[in-house]
Amino acid sequence: MTGIIIAIVILLLVIVFLALSLKIVPQQQVGVVERLGKFNRLLTPGMNILVPVIDYVRVYHDLRIQQANVPPQTVITKDNVQVEIDTIIFYQVVAPEQATYGISDYVNGVRNITTATLRQIIGKMELDETLSGREKISAEIRLALDEATEKWGVRIERVEVLDIKPPSDIQEAMDKQMKAERNKRAMVLAAEAAKQDMILRAEGDKQSKILKAEGDKEARIREAEGLRQAQELEALGRAKAIQAVAEAEKTRVELLRASGLDENVLAYRSFEALGEIAKGPANKVFLPVRAVDALGSAGAIGELFRGGGNKEV
């Protein structure tokens with residue numbers, strides 16, 4: 001009976017020993033092990049063996065990116081306006097040993113540094129600059145945190161300014177100003193649209209007049225061109241007609257010459273016809289000086305014809 005009890009006690013001691021010796025660490029976590037009160041090593045993810053009573057796990061650190069909300073802070077701007085700013089910090093433990101022994105509570109340390117830095121930054125900025133300078137505020141807070149947390153084994157991943165709330169009266173005045181600015185922009189846009197409309201209409205009217213003038217010009221040019229061509233064709237027709245008359249007259253003269261009648265004979269015949277015309281009591285015939293000379297020759301020819309006629313009779 002005593003042996004059974006001793007065996008059970010030994011078994012329980014072994015179980016307790018194994019429970020105290022084996023430590024299972026989840027992924028993305030590490031444990032800080034102290035041996036007799038002094039830092040010994042880090043427990044990595046998986047199964048780890050400790051020496052009971054001698055080894056002690058001081059703390060476990062999560063290596064994932066963590067976030068710390070900073071309580072809303074009421075700060076005063078350079079132009080003496082109180083604003084409430086809400087921020088959030090994203091950080092990661094990169095050196096568990098330093099995060100354990102470098103500072104007692106790095107989360108509170110990050111929050112306190114953020115609050116102090118925020119007051120310093122906003123105290124140098126006016127309200128309008130504060131409302132539009134979220135990126136600048138975040139960058140300066142992160143710079144201040146990086147300098148402090150470098151010794152804590154903590155890396156600041158990101159700083160975000162969630163909200164900036166001015167006092168209600170300032171907010172109301174800003175709303176009125178924004179509304180007035182929007183109305184002003186609306187009127188400016190309406191005026192600009194009316195201006196563009198007038199410009200486009202004037203440009204369209206100008207183009208229409210230009211096109212109409214170009215059309216009238218083209219029509220007049222075509223009309224003048226057609227008239228010129230018609231006149232050229234008419235002149236060409238007249239020239240051809242005159243040429244045809246001249247050719248006919250030339251042919252007649254050649255035929256007369258071929259029949260034995262020369263110019264003197266033709267002149268005589270013309271004067272005979274002229275004499276017949278002059279026989280009328282109301283007819284008067286005026287002859288130029290050169291015609292008188294030709295008349296002498298024609299008279300001689302007449303005598304020749306008369307003599308020949310008498311001979312034949």
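Arginine 158 is partly exposed, with a relative accessibility of 47%; the class covers values between buried, under 20% relative accessible area, and exposed, over 50% (1.4 Å probe, protein chains only). Glutamate 160, at 25%, is also partly exposed. Arginine 158 and glutamate 160 form a salt bridge whose closest N and O atoms are 2.3 Å apart. The term denotes a side-chain nitrogen of Lys or Arg within 4 Å of a carboxyl oxygen of Asp or Glu.

The model is predicted, so local features need pLDDT of at least 70 and side-chain atom pairs count only at pLDDT 80 or more, while totals for chains, interfaces and linings use all residues. Residues are numbered from 1 along each chain as its sequence is written, and side-chain values use heavy atoms, with hydrogens and water left out.

Helix 6 spans residues 168-258; helices are DSSP runs (H or I, at least four residues), numbered from the N terminus. Within helix 6, glutamate 218 and arginine 222 are four residues apart, which means a separation of about one helical turn. This pair forms a salt bridge, with 3.3 Å between the closest N and O atoms. Glutamate 218 is partly exposed at 38%, whereas arginine 222 is exposed at 59%.

Helix 6 also holds arginine 228 and glutamate 225, three residues apart, about one turn of the helix. Their salt bridge has its closest N and O atoms 2.3 Å apart. Arginine 228 has a relative accessible area of 37% and is partly exposed; glutamate 225 is partly exposed at 33%.

Elsewhere, a network of salt bridges links Arg35, Arg41 and Asp55. The structure holds 16 salt bridges.

Definitions and conventions. Helix = DSSP H or I, 4+ residues; strand = E, 2+ residues; numbered from the N terminus.
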